[in-house]
Amino acid sequence: MNNATNAASLQALGGTGLDEGTANRLWQTGRVIELPEGQQVFAPGEACQGWLLVLSGSVRVSFTADTGREMLLYRVGSGETCVLTTACLLGEDLYSATGETEAPTRAFMLPAPAVSRFLDESPAFRRLVFNGFGQRLGEILKRMEDAVFHRIDARLARLLLEKSGDGKDIVATQAELAGELGTAREVVSRQIARWAREGIVERRRGTIAVLRPEELRRLGEISSGEL
């Protein structure tokens, strides 16, 4: 794939009016990185090396508290940028969370020293950066709202439905599910055990099967209160 085609791909992924000239300059200044599944992209205390736009794959960004409990903040998919990376670049700060690939991932990286120059020179690039920042911040606030104000059984029901898709078994540990919800593994284990006794789900070797999705949909409509 030649530079012109690569720049056109970058322009299309930006989705915010990134003009051809800016896309070409970005592509010539930055580079593409290829990361295998399970590769750590950044960790707490590390300096940001550059602005990232995911071209394919997925990066999971999570925060680990002093207690050791982990919480998923967001995922960065194709055509998306990492709000934490943007914040670290703008604030000249260090990372406070962990980013790890969930699948083989290809991303475009613009070196940190070039980010300020493009922000100053290109309105289109500024829109690309700050639109991504605003959208992702909204997602984080929604996740925080769910964690604080919504019942854990309703949130777990919605998560299981999302992961089961068209009826496939869910390949995830209870610790991983707890991390997605920002709660303790014991809370998830207790709730799944209860649903297993009621015949709503079935725990299998390394997987969870949803037997009564209609019941999970009903439970998922519960939006407030405590477990």
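A residue is called buried here when its relative accessible area is under 20%. With that in mind, let's walk through this predicted model, starting with a helix.

Helix 6 covers residues 152-164, 13 residues in total. Its span from the first C-alpha to the last is 18 Å, close to the 18 Å expected at 1.5 Å a residue. Its buried residues are Ile152, Asp153, Ala154, Arg155, Leu156, Ala157, Leu159, Leu160 and Ser164. Just after helix 6 comes Gly165, with a positive phi of about 55 degrees.

Now for the aromatic rings: the structure holds four aromatic pairs. Two of them are set out below.

| Pair | Centre to centre | Angle between planes | Arrangement |
|---|---|---|---|
| Phe42 and Tyr95 | 4.0 Å | 5 degrees | stacked |
| Trp51 and Phe125 | 5.2 Å | 75 degrees | edge-to-face |

Phe42 sits in strand 2 (residues 40-42) and Tyr95 in the loop between helix 3 (83-91) and strand 6 (98-101), so their pair ties together parts that are 53 residues apart in sequence. Both Phe42 and Tyr95 are buried.

Trp51 counts as buried because its relative accessibility is 1%, and Phe125 counts as buried because its value is 0%. Ring pairs join Trp51, Phe118 and Phe125 into a cluster.

Leu137, Leu141 and Met144 make a nonpolar patch of about 280 Å². Met144 belongs to helix 5 (residues 123-149) and is partly exposed, at 45% relative accessible area.

Note on methods
Residues are numbered from 1 along each chain as its sequence is written. This is a predicted model: local features need pLDDT of at least 70, side-chain atom pairs count only at pLDDT 80 or more; totals for chains, interfaces and linings use all residues. Side-chain values use heavy atoms; hydrogens and water are left out. Helices (H or I, at least four residues) and strands (E, at least two) are DSSP runs, numbered from the N terminus. The expected span of a helix is 1.5 Å times one less than its number of residues. Buried means under 20% relative accessible area, exposed over 50%, partly exposed in between (1.4 Å probe, protein chains only). Patches are made of residues with over 30% relative accessible area and no salt bridge: like charges are joined within 9 Å, nonpolar side chains (Val, Leu, Ile, Met, Phe, Trp, Tyr) within 5 Å. Accessible areas come from the Shrake-Rupley method with a 1.4 Å probe; for residues, only the protein chains shown count as cover. A salt bridge is a side-chain nitrogen of Lys or Arg within 4 Å of a carboxyl oxygen of Asp or Glu. Rings of Phe, Tyr and Trp (its six-membered ring) pair if their centres lie within 6.5 Å; planes under 30 degrees apart count as stacked, over 60 as edge-to-face and the rest as tilted.
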